[in-house]
Amino acid sequence: MASSTVEREPSEFKLPVPNLDNVGLNCEWGLGQQLHVFQTQKPPANTSDIGELNLGVENQSIFDIRWNAEMHDIARKLVNESHNIFVMLQGQVKSLAEPALDAQLRKASKHYRGVLKACQMELIQLAESCEDAARKLKYETYIQEFEIVQLIWSLCQIIFIDVAPGGLILTALLDWLQWHFPEGKYLAKEVCQEEQSCSHPKYWEAVFRLLLQGNTENVRLLLSLHTHSQADSFIAVDELLRKMPHWTYQHAQSAAEFEMKWRHWREECIRRYEAGEFAAYPELEMVVQVLCGDEAVFKELRDSCETWYHHLISKLLYQNPTVRLTDLTFHIKSSQAVFIQTGLNSQELDNILQAAFEFDIHQVIKDTCTFLSNPSWWFVAHLADLLHHCKQLDPQKLPFGSNLREYLLLEYATALMSHESLWQVGVDYLDFCSIFGSSYLESYIEHIPLDNERKALKVLHICEERKLILQAQSVCKIMGMKCLQQERLGSALSWFLRSKDAVVIKQVTNKFLTEYCEQGKFSHLDLIDHLGPSMLITNSLTFLGKYREFHTMYDKGDLEGASSLLLSLISSRLAPKTFWMTLLMDALPLLNLPKVILNIQQTYEIMHCLEELQRDGTTSYKTLSEAEVEKAKLLRVALKKNLSRAIIEGGSIKVES
């Protein structure tokens, strides 16, 4: 089994804090891959030293530490476009049966790889146009990592996702070689541009590189450019290359039929080689040796293969083209023995690819997480999701209760939640984590910084869609308090109405009433006029809405309706006592009307409220201005006059002429 023996070094952060004996560090989790670190007191060894606990932590700072948080614009594009593929696939998994689903899984894998390739091409353009050396080096690092991800993914697709019928895998592996190792094609193009191609110093290297990738058509083209191309030996080699059987699924032939044709062809190659037809040209002799599958020549041409797995596939093409997927494991060691690897990174990559050839997908995922940096969670999360739906991942739960697919999706979502602009994408990934996704989301929602109302509304929408009631209320309360601190009463009330927090709504309502007392008018009339059923959340809000309704009726000339509503507000005692005097003053114009609007009982109710307010000695009554004191006196006079008129009009006392 392949395994990576090198662990990635942990990241180190240095904080600008003094090293004191009685002061240590503590931390709290932030959002995703983020920690809030701060200084804290160490408990004293001796209780007698407790008085010294405050030393060294004055003016302490809170440090915001993030890791793997760097993400360039191309990586953001990768995240956003692959997110769409992921979400669409999850819907298809639920709705499609197996044959159609298998086709969609293969299609999704190709789409992921297409997005990867497009992003890599953009990075290449950026690197080519970049003049800053350090930045260019970064781009080149990203390009290399994208290439590695594509190399691993495309191999995993061949072995685990788009499995060839009957397990005949070599054709797909040859395509994989030609796609990821195009040096032979580039070299052949360079050779062909020479006036006399065969004089190019790398002419034969180009021939052998193409030959070892099974690109026989281009090998024939290069050989035809040789000055001796009309010699019998060249014509014979061209004939053998032309007659070489190639396995394709499109042709209606069985594997047994293909193998029989191939064996007859190879026997012809061996016979003609042994007859010495190519002895006059040593390079041609080597070409035919490759066609014969000679073991020694593959060792000699090791340098034309860039890696042991290149060597493995090339050798199998000419020795065992009908090799089955399950038999690959038995051929790996011989190619590794021939091909000596150098360098740490290549060794780690080799281990990953070897694990794939050995069908150990768990080791592929584990080693990839160790080997790659930023793109690793993106890669393993989407690959594991595909393999899970292909039933290639063991569904057994991990020790902490989740399966491997969910664990990787959670890690990827955690990385996304650390980014200011990608946290919404992370939310969608958590939706498809059936075991821990909801609890993770609840925790993350509580840590998302609500920088502005637009972001808060997005968070609120997420909570409401997923029925996260407590988190939705928390968002509304936080935004309401921010608005309250900024003296934006209308916005504050709007947020608190969403949270249905009766206690705070009462406080905001009282601020509206205080504002009215000071300015003689309400702000945010549109909000107050359209409270609707929300008016019933608290008594104070009910009073505010009805009091506004009283003013509306009064302004429209509905004096009887206005007086009736005012008396109900006074008698209900819904208003805070600090507002009673304002409420009583509103009755003054109604008492001075030519027509008696307020009857005896209503007049007594107002008089009783005024007496209660005076007896209670509230601040509101004691701090009346001189003008207000005069108004209060006028109110008493008006009440007496209205009472007299009401008694007379009611017929309780007869007036003699």
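Reply: Start with burial. Buried means under 20% relative accessible area, exposed means over 50%, and partly exposed lies in between, with a 1.4 Å probe and protein chains only. This is a predicted model, in which local features need pLDDT of at least 70, side-chain atom pairs count only at pLDDT 80 or more, and totals for chains, interfaces and linings use all residues. Residues are numbered from 1 along each chain as its sequence is written, and side-chain values use heavy atoms, leaving out hydrogens and water.

Me: Is Asn642 buried or exposed?

Reply: Asn642 has a relative accessible area of 0%, so Asn642 is buried. Asn642 sits in helix α31 (residues 626–650). Helices here are DSSP runs of H or I with at least four residues, strands are runs of E with at least two, and both are numbered from the N terminus.

Me: Which residues is Asn642 in contact with, leaving aside neighbours within four places in sequence?

Reply: Contact means heavy atoms within 4.5 Å. With those neighbours left aside, Asn642 is in contact with Leu591, Val596, Leu598 and Thr603.

Me: Where is Ser335, and is Ser335 buried or exposed?

Reply: Ser335 belongs to helix α13 (residues 329–338). Its relative accessibility is 0%, so Ser335 counts as buried. Not counting residues up to four places away in sequence, Ser335 touches Trp308, His311, Leu312 and Lys315. Take Leu312: 23 residues separate it from Ser335 in sequence, and the C-alpha to C-alpha spacing is 5.4 Å.

Me: Now helix packing. What describes two packed helices?

Reply: The angle between the axes and the distance between the axes. Axes are lines fitted to C-alpha atoms, for helices over the stretch in contact, and angles run from 0 to 180 degrees between N-to-C directions. Take helix α2 (residues 98–129) and helix α3 (residues 133–161). They pack at about 160 degrees, with axes 9 Å apart.

Me: What does that angle make of α2 and α3?

Reply: Under 35 degrees is roughly parallel, over 145 roughly antiparallel, 65 to 115 roughly perpendicular, and the rest oblique. α2 and α3 are therefore roughly antiparallel to each other. The residues of their contact divide into 15 nonpolar, 5 polar and 6 charged. Nonpolar covers Ala, Val, Leu, Ile, Met, Phe, Trp, Tyr, Cys and Pro; charged covers Asp, Glu, Lys and Arg; the others, Gly among them, are polar.

Me: What is the handedness of the crossing of α2 and α3?

Reply: A crossing is left-handed if the near helix is turned anticlockwise from the far one by less than a right angle, and right-handed if clockwise. The crossing of α2 and α3 is left-handed.

Me: At what angle do α7 and α8 pack?

Reply: Helix α7 (residues 216–224) and α8 pack at about 165 degrees, with axes 10 Å apart. That makes α7 roughly antiparallel to α8. The crossing of α7 with α8 is left-handed. From α7, Thr216, Val219, Arg220 and Leu223 make the contact; from α8, Phe234, Val237, Asp238, Leu241 and Arg242. The residues of this contact of α7 with α8 divide into 5 nonpolar, 1 polar and 3 charged.

Me: Next, aromatics. How many aromatic pairs are there in the whole structure?

Reply: A pair is described by the distance of the centres and the angle of the planes. Rings of Phe, Tyr and Trp (its six-membered ring) pair if their centres lie within 6.5 Å; planes under 30 degrees apart are stacked, over 60 edge-to-face, and the rest tilted. The whole structure holds 21 aromatic pairs. One of them, Phe86 with Phe432, is edge-to-face, at 5.6 Å centre to centre and 80 degrees between the planes.

Me: Which parts does the pair of Phe86 and Phe432 tie together?

Reply: Phe86 lies in helix α1 (residues 73–95) and Phe432 in the loop between α18 (423–431) and α19 (437–447), so the pair ties together parts 346 residues apart in sequence. Phe86 is buried at 0% relative accessibility, whereas Phe432 is partly exposed at 23%.

Me: Which residues form one aromatic cluster?

Reply: Trp176, Phe181, Trp308, Tyr309 and Phe357 do.
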